[in-house]
Amino acid sequence: MSVLKDTYEMAKGTVQGVMQKAIALAPDSWIPGGTPDPLIREQHGHTGKPVSRIDGPLKVAGKAPFSAEFPLDGMLYAAVAFSTVAKGRITSIDSAAAETAPGVALVMTHENVPTMKPMPLFMTSELAAGGNSLPIMDPVIHWNGQPVAVVLAATQEQADHAKSLIRVTYDTDAAVTTLETARANGTDLAEFQGQPLRMIVGEPEDELARAPHKVDHVYRTPRHNHNAIELHGCTVAWDGDRLRVHDASQAVAHHAWTLGAIFDVGAENVHVTSPFVGGGFGGKTLWYHQPLAAAASRLAGVPVRLNLSREGVYRTVGGRTLTEQRVALGADADGSFTALIHTGSTIMTRHNAMPEPFITGSMSSYASATRHLEVRVGYMDMLANTFMRAPGEAPGTFALESAIDELAHAMNMDPIELRMKNEPERDPTTNLPFSQRDVEKAYRMGAEAFGWAARQAPGARREGEWLIGMGVATATYPYYRMPGGAARLTIARDGRARVEIAAHEMGMGTATAQSQVIADRLGLDMEQVDFAYGDTLFPGQVLAGGSQQTASIGASVIAAQKLLWAELLKLAGNDSPLAGLSPDEVGGLRGGIAALNDPARWESYASILARAQRDEVSVEGKAPQPLEIQHWSMHSHGAIFVEIAVSSVTGEPRVRRLLGAFDCGKILNTKTAASQFRGGMIMGLGLALTEETMFDERSGRIMNPSLSEYHLPVHLDVPEIEVMWTDIPDPHTPMGARGVGEIGITGVGAAVANAIFNATGKRIRDLPITLDKLL
Ligand code: MOS
């Protein structure tokens with residue numbers, strides 16, 4: 001995500017030159033200097049349709065293999081023991097009982113662990129994927145929950161039992177486990193992707209002081225842990241210096257490179273596959289379990305399966321850290337913002353590169369005459385943080401969009417009207433033109449479908465013991481495209497096409513949507529397309545993160561298709577109706593290639609290959625650098641509407657209706673995209689009402705490492721969710737689409753809080769909004 005860096009670079013003064021270049025471009029060249037992508041505007045046979053998941057039948061039949069479901073010959077099962085202190089040093093490990101327990105083959109501790117280098121930190125270099133940069137399996141303890149021993153046994157139960165027999169003693173040091181101490185020790189300006197999280201335009205405090213209307217409050221969001229349905233796990237085997245990993249990964253190329261660095265064998269000697277992933281959300285990257293499994297496997301000389309327990313995920317896989325955010329807004333009499341201040345602090349560790357960047361959504365969402373955005377970071381001895389669905393925007397929009405609701409109430413203005421009043425013409429911090437932005441249309445669609453006009457004054461609507469309210473908030477997430485996309489495209493004499501790319505299917509519908517796109521590009525039926533992914537033998541450094549995978553694959557396939565046309569036209573030669581055409585003058589049609597301006601000039605793939613006596617043609621395309629993000633301000637938006645009932649007797653909040661109207665460019669598959677939006681919004685309900693990692697400030701230990709005590713929304717918490725979209729193509733992205741993976745969670749926290757205020761007159765600025773806060 002060098003995106004933020006680019007944004008800051010441009011904010012520093014190169015804006016003018018970039019803008020002039022952008023204006024000179026052809027309108028549908030999605031990338032500066034590129035050719036138009038016909039899928040942006042034209043209707044085709046498959047793209048945009050509600051195609052059911054092509055992997056659905058496999059999953060329903062239990063035949064889709066996940067990382068911990070690959071049985072390998074002679075495989076042992078691993079269990080991990082965790083430190084029970086937050087800081088100190090191991091003085092002794094008594095593993096005698098564990099070693100002689102039934103089925104046990106090996107106990108690995110710092111005393112016998114093979115050499116490993118620290119993990120290069122995720123997002124600090126192109127392929128780094130590590131969650132922290134500490135020595136792995138070190139006698140020095142850095143957090144409560146750090147792995148201190150790994151047991152290998154013939155069964156999982158035997159490994160778990162033996163693990164319980166291990167006794168560890170520590171020399172403990174004073175750990176920083178309270179917010180108070182962390183702050184007293186001093187905070188730093190937070191950096192994200194190497195750039196400081198601070199932006200100051202004008203004199204916002206002066207403007208705030210003289211503004212006729214203002215709000216100024218502090219909002220808090222707690223720690224959150226990752227709770228993908230599929231636990232983090234891997235099955236690994238060594239063959240000499242070659243490592244084979246069946247992983248649960250949203251970044252296979254990154255995992256191979258990072259494991260290659262940890263074991264000093266090189267990425268080329270690490271083969272990672274991840275054909276199915278049961279949810280990623282930012283957490284399915286490289287933590288200790290993969291290197292520990294590989295180290296134990298090396299020590300034991302047999303394959304190892306390490307599937308973390310749910311508790312193990314809480315102890316060793318980072319989550320979203322807490323935030324404390326001040327939002328102050330000043331407005332003129334008509335509601336125009338004169339000051340937008342969004343500052344505050346978050347917590348991380350010293351061996352981690354992930355402060356929660358909660359100001360990112362406040363950079364581009366609203367116009368304001370002046371602005372101060374800043375994230376400070378304090379340090380604790382705890383598990384390292386990581387990315388979680390819409391890092392930054394998810395907690396950041398809770399604060400910003402709550403504050404806007406508070407200002408609207410103070411001004412007696414409709415909160416949608418106040419937002420529309422502050423729609424920027426150009427990006428307010430970079431002055432770049434928007435690639436596509438129609439927030440107003442999303443609000444119009446959503447307000448009409450939801451019946452927003454029926455909203456009443458706070459506390460005015462009551463049904464028996466239930467107070468009813470409506471709330472709204474803006475969702476926002478940027479378009480990203482990271483460098484390194486590449487794809488192999490093969491067309492065979494039987495007319496079938498195959499795309500191979502090291503991308504991921506974590507449940508989003510990637511393979512389905514991409515097969516639709518590829519079928520349309522090549523003029524094939526979906527059944528004639530194989531989309532192969534999740535394997536480091538395939539080209540590409542594709543991260544399923546930052547909602548950028550669709551664009552990354554799309555750009556790679558466009559590049560490959562161009563090479564394929566050139567190759568096929570060469571093979572077609574002078575005897576073909578296509579003779580004399582250039583790759584830019586043809587497109588895929590009815591199982592072959594046709595001239596764009598004369599579809600009668602056509603020849604099938606089968607015919608071209610037969611005449612050339614070739615079984616297949618294969619090309620490898622590399623996606624161009626993501627120049628589009630430097631030329632345009634590229635963001636998706638949405639309008640989130642909530643109706644909630646709050647019991648006046650118990651304070652219990654029940655969400656009755658939830659609607660999201662999204663402006664995310666063109667929608668490639670209306671069924672899988674709707675699922676992405678809904679899933680994000682459900683995660684938003686968790687953020688708003690139930691989710692909180694309980695951190696014991698005495699011991700630094702997470703107190704609720706289980707699905708029974710960490711409360712995720714379940715079926716009865718989730719109402720019918722209506723989703724809709726503007727479906728206006730973004731002319732500056734592959735296929736006209738922006739990502740839909742993360743935006744659904746954003747805005748929901750504030751929309752719920754705003755609905756609760758409308759129902760009860762109570763403003764809650766601390767998440768989650770549990771019933772005790774409403775009594
Ligand atoms: Mo997402 S937090 O970029 O997987």
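The buried residues of helix 7 are V252, A253, H254, H255, A256, T258, L259, G260 and I262; buried means under 20% relative accessible area, with exposed over 50% and partly exposed in between (1.4 Å probe, protein chains only). The model is predicted: local features need pLDDT of at least 70, side-chain atom pairs count only at pLDDT 80 or more, and totals for chains, interfaces and linings use all residues. Residues are numbered from 1 along each chain as its sequence is written, and side-chain values use heavy atoms, with hydrogens and water left out.

Helices (H or I, at least four residues) and strands (E, at least two) are DSSP runs, numbered from the N terminus. The cover over the buried residues includes strand 13 (242-247), strand 14 (270-273) and helix 8 (289-300). Contact here means heavy atoms within 4.5 Å. D264 follows helix 7 and has a positive phi, near 60 degrees.

An open sheet of 4 strands was also found, with the order 23-22-21-27 and mixed pairing. Strand 23 (529-532) and strand 27 (616-622) stand at the edges; each has a single partner strand, so one side of each lacks a neighbour in the sheet. Two strands pair if DSSP finds at least two bridges between them. The twist averages 15 degrees from one strand to the next. Axes are lines fitted to C-alpha atoms, for helices over the stretch in contact, and angles run from 0 to 180 degrees between N-to-C directions.

Strand 22 (residues 497-500) pairs with strand 23 in the parallel sense, over 4 bridges. V499 stands opposite F531 in strand 23. Helices pack on this sheet. Helix 14 (residues 510-522) lies across strand 21 (486-492), strand 22 and strand 23, and runs at about 135 degrees to strand 23. Helix 15 (residues 549-572) touches strand 21, strand 22, strand 23 and strand 27. Its direction makes about 140 degrees with that of strand 27.

The chain as a whole has 19 helices and 32 strands. Of its 775 residues, 62% count as buried. The C-alpha atoms fill a box of roughly 80 × 75 × 55 Å, taken along the principal axes.
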